[in-house]
Amino acid sequence: MHEIIALIFIIVGITFDLFGCIGLVRMPDIYNRLQASTKCVTLGTCGILFGVLIKFGFTAAGVKALICIVFLLLTSPVSAHALARATHRSGVKLWDKSVCDKYEDDKDALS
Amino acid sequence: MRFFRWLLGFIFLAGAIIFIFAYLKVDLQAKLMLYLLISFLLSLFRILKGPTPADRAIATDVLGILVIGFCAILAVYTGRDWYMDIAIAWGLQSFIGALALAKFIEGKSFDA
């Protein structure tokens, strides 16, 4: 029973990983690629690690998986936000069908 | 031309998924690792082709997160728990690398 639930979590995680990487290739703009890939891949990898935690229980490998989940949930949005901010400040243009750009309007007030 | 490119990618993805699911005679966990290898290939395609350097930095960050999941599936598949040590160390190194690349792309020095 444990192994079936763990396998279901791992399959859901791998599906989210695959969808995130399809979005990384498919999307037309760098900001859309960041939006599609980073969230999906974070959720997918957290699903895989949660499946490992259910499979092993609270042994050494399971506790390491739990530590890895917490670390990933803390650091992945930070790195994605830093990359998006650096990309916008280095002057990469948006896609020509994008609607609004609030950060460009607020850039003078922020810096 | 645009439709042809879309069709080529769809044929590659659907062919790979159906081939792995239906025609390979291996375990289920080995099939799952092969599905993860497809997403590795897609991320490597974006690293090779990306028009701006920021695209390559983002794809490198995504690749670093994918390696953590791959190490976790290896820990399930082989039953050895030291693969999780590799996963934690790889996550630390990938986070520091992504922050350093972000500072480098932004154009400031590393001290600021």
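## Two helices side by side

In this predicted model, helix H3 (residues 60–89) of chain A and helix H4 (residues 83–106) of chain B meet at an angle of about 10°, and their axes lie 9 Å apart. H3(A) and H4(B) are therefore roughly parallel to each other (angles under 35 degrees count as such). Axes are lines fitted to C-alpha atoms, for helices over the stretch in contact, and angles run from 0 to 180 degrees between N-to-C directions. Helices are DSSP runs (H or I, at least four residues), numbered from the N terminus.

By class, the contact of H3(A) with H4(B) has 17 nonpolar, 4 polar and 4 charged residues. Ala, Val, Leu, Ile, Met, Phe, Trp, Tyr, Cys and Pro count as nonpolar, Asp, Glu, Lys and Arg as charged, and the others, Gly among them, as polar.

## The side of chain B that touches chain A

Contact (C-beta atoms, placed from the backbone, within 7 Å) links 38 residues of chain B with 41 residues of chain A. On the chain B side, H3(B) gives the most, with 15 residues. This side divides into 26 nonpolar, 6 polar and 6 charged residues.

## Around B:Met84

Leaving aside neighbours within four places in sequence, B:Met84 is in contact with A:Ala61, A:Lys64, A:Ala65, A:Cys68, B:Cys71, B:Ala72 and B:Ala75.

## Numbering and basis

Residues are numbered from 1 along each chain as its sequence is written, and chains are lettered from A in the order in which they are written. Local features need pLDDT of at least 70 and side-chain atom pairs count only at pLDDT 80 or more, while totals for chains, interfaces and linings use all residues.

Definitions and conventions: Angles under 35 degrees count as roughly parallel, over 145 as roughly antiparallel, 65 to 115 as roughly perpendicular and the rest as oblique. Two residues are in contact if their C-beta atoms, placed from the backbone, lie within 7 Å.
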